[in-house]
Amino acid sequence: MAMSHDQNSEQRLKIRKNLIEAMAQTMDLYGATHSSGQLYGVMFFENRPMTLDEMKIEMNMSKSNMSYAVRSLLESQMVKKLEEKQDRKELYVAEVDFFLAFQNFFTLKLQREIDVMTEAINNALPELTELILDEHISDEERKLALQDLHKLRHGQKYYEWLQQFVDALKRGEYFKDLSC
């Protein structure tokens, strides 16, 4: 027996609701708040750009929480602000290509890790080397400093590899022939 139009619509909306919740749960795993993930899910299924007021109504969120969620999604490039406006209000649209969303999100997060850790390692290496070469250092301290130096050199290799991975990810090398 065929479903009526209303039953089909109700079933489609239920499916969407479940998918939006799944998106929120997975976004939460990657550091986004649950409500930011829900907002991304709502915008993902919206077939048009949305204003902050429309998002606020759809999500039933306060203006400050909505602003935070949108800012978070903008920073991770999961949402884009459009150049055009609607009645002088900013318009936002979700990135619906999962490959591009993954690419944007992870290159941003991984590049931040690379930059922070590379700078810290590069600052620590000369200091450790100087400490190791200090003639007044005890043998035990020299041994521990050498162990730290070895660990940091291993870390350098890792971050060089990770930079190559991120560069390839930015170029889309992992997604050839996969986008829809």
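User: Why is Glu46 called partly exposed?
Analyst: Glu46 has a relative accessibility of 26%, and partly exposed covers what lies between buried (under 20% relative accessible area) and exposed (over 50%), with a 1.4 Å probe and protein chains only. Therefore Glu46 counts as partly exposed. The model is predicted: local features need pLDDT of at least 70, side-chain atom pairs pLDDT 80 or more, while totals for chains, interfaces and linings use all residues. Residues are numbered from 1 along each chain as its sequence is written, and side-chain values use heavy atoms, without hydrogens or water.

User: What makes Arg48 and Glu46 a salt bridge?
Analyst: Their closest N and O atoms are 3.3 Å apart; the rule asks for a side-chain nitrogen of Lys or Arg within 4 Å of a carboxyl oxygen of Asp or Glu. Arg48 also meets Glu54, at 3.2 Å. The rule gives eight salt bridges.

User: How do you know that Asp139 and Arg142 form a salt bridge, and where do they lie?
Analyst: The N to O distance is 4.0 Å. Both lie in helix 6, three residues apart, about one turn of the helix; helices here are DSSP runs (H or I, at least four residues), numbered from the N terminus. Asp139, at 65%, is exposed, whereas Arg142, at 23%, is partly exposed. Elsewhere, shared partners join Glu46, Arg48 and Glu54 into one network.

User: Why is Glu130 called exposed?
Analyst: Its relative accessibility is 60%, so Glu130 counts as exposed. Glu130 is in helix 5, residues 98-133.

How values were computed. Helices (H or I, at least four residues) and strands (E, at least two) are DSSP runs, numbered from the N terminus.
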